[in-house]
Amino acid sequence: MTETTTETTETTGQPVQADIAVTGLATMGRNLARNLARHGHIVAVHNRTKARTDALIADHGNEGTFVPAASLEELVAALKRPRKVIIMVQAGAPTDEVIEHLATILEPGDIVVDGGNAHFIDSRRRESALRERGLHFVGTGISGGEEGALNGPSIMPGGTAEAYQTLGPILESIAARVDDTPCCTHVGPDGAGHFVKMVHNGIEYSDMQLIAEAYDLLRTVVGKSPEELAGVFRSWNEGDLESFLIEITAEVLATKDPRTNGPLVDVILDQAEQKGTGRWTVQIALDLGTPVSGIAEAVFARSLSGHAEQRAAARGVLAGPSEKVTIEKPDEFIEDVRRALYASKVVAYAQGFDMIRAGSEMYDWTIDLGAMAAIWRGGCIIRARFLDRIREAYAKTPDLPSLLVDPYFAKTVSEGQESWRRVVGVAASAGVPVPGFGAALAYYDGLRRDRLPAALVQGLRDLFGAHTYRRVDADGAFHLNWSEDKSEHQA
Ligand code: NDP
């Protein structure tokens, strides 16, 4: 066994000058602390319940230099200045409690990092409160789950550029790397990091929903078995769709239930749960006026799946298609679904990036969209080959009006549109719900049409509420005298 390199103030008699601290040593904090230690940082570690600290030292103390602390005071005392403390405790009130305690024992210039899944509005509030007390607060999105925390996550830190100067090199050293570039960069001030993490999670919802719809169609309409579909997803993972989520889809579909030896996917209850970041994304998108319809449909699809009683009631009384849809050329339809999936995925990302731009403008964050695509290429759940294309698109044209009009994406999605339409049509005929594919296609058509029926909506609004309308051929707002002589007046 390797000799332990754990040092404590008790064993050495000297205060150990730790580089960084982690408080909160459950799944995420423990793995992040190990990752830091494995990269040569001296890591002070603390957990409210000391047993977790002891377990970390007992199980992994030989992976680097840890300084276990029994209290936050001891933790702070072990740190080099400016002190850097990463909080990895339960989001919400527990995080506030720990921040408040730390704020009373840290000194001006020290840096408090919240690596939990905080709402960006909370991160803005915390940053502002700590700034007034002379402390830096860095709300940091961390994606990649427990595996990423240990082996290299994608890290999205907010806070001041000054804090990033000190903290950044440490975070970059433990992040995933793609093309020798760390999947970590300074996102922007105050809550920018947690905002971007929130949108990342919204895109993740959308991505998973689209994959699930592709699976449902190929299983229901083409009649492929889960095992056969695992092969289809494996082959898709060798092309444009290459991504972590496609890879693990193949794995889930290929897995047998240890009890029945049938496909595992067939014994998993079909009610998807959610922790809330997808919902936050949609709520904030509504405030910002950014139509993230793909993300919204994914959140609603999970909600619908959870309404078991309604589904049971509807199953017996609502009719499905009277004729069975037959696919004459299964291989061609599978290719159609692949193209529809890719096009819908591009729309989901286009909507997510629009939302980041809108948030950045609203809060003056000046977020570099290309840099966000770059740090999502590795470590995180939505890591995918095509993020490199997104990075290139924004690097070439930082003020791109929409990802969909970038020459590469415009060409790819336009080339796939006939497939996309066939797939949505077949799904409707077969009674297979594809809210993700459908919403994405509607968004695509909504963007590209010369005229939208919004003109009629404006007419209706003016008729019942005198809300006025604008004209295509004159400036200003107008109201029609609907109930009398139908004359028009400038408002
Ligand atoms: P949990 O969210 O399950 O939180 C448990 C940790 O919080 C324990 O260390 C616990 O201490 C501590 N804690 C709870 N209440 C308090 C309190 N009032 N004061 C001090 N400590 C408290 O842990 P995870 O590791 O799963 O996640 C940590 C953070 O990272 C969360 O914000 C989570 O949302 C986020 N996150 C999680 C991911 C994941 O995949 N799990 C991915 C990305 C982010 P004790 O042992 O004493 O109970």
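Helices (H or I, at least four residues) and strands (E, at least two) are DSSP runs, numbered from the N terminus. The model is predicted: local features need pLDDT of at least 70, side-chain atom pairs count only at pLDDT 80 or more, and totals for chains, interfaces and linings use all residues. Residues are numbered from 1 along each chain as its sequence is written, and side-chain values use heavy atoms, with hydrogens and water left out.

Helix H10 spans residues 226-236. Its buried residues (under 20% relative accessible area, 1.4 Å probe, protein chains only) are Pro 226, Leu 229, Ala 230, Val 232, Phe 233 and Trp 236. They line one face of the helix, because they fall within an arc of 160 degrees seen down the H10 axis. The arc is taken from the directions from the helix axis to the C-beta atoms.

A nonpolar core is a set of buried Ala, Val, Leu, Ile, Met, Phe, Trp, Tyr and Cys residues joined through side-chain atoms within 4.5 Å. The largest has 90 residues. Trp 236 and Tyr 349 are among those with the most contacts inside it. H15 gives the largest share of this core, 16 residues. Another core, of 28 residues, lies apart from it and includes Ile 20 and Ile 155.

An open sheet of seven strands has the order S3-S2-S1-S4-S5-S6-S7, with mixed pairing (at least two DSSP bridges between two strands). Its edge strands are S3 (66-68) and S7 (154-157).

Key
Buried means under 20% relative accessible area, exposed over 50%, partly exposed in between (1.4 Å probe, protein chains only).
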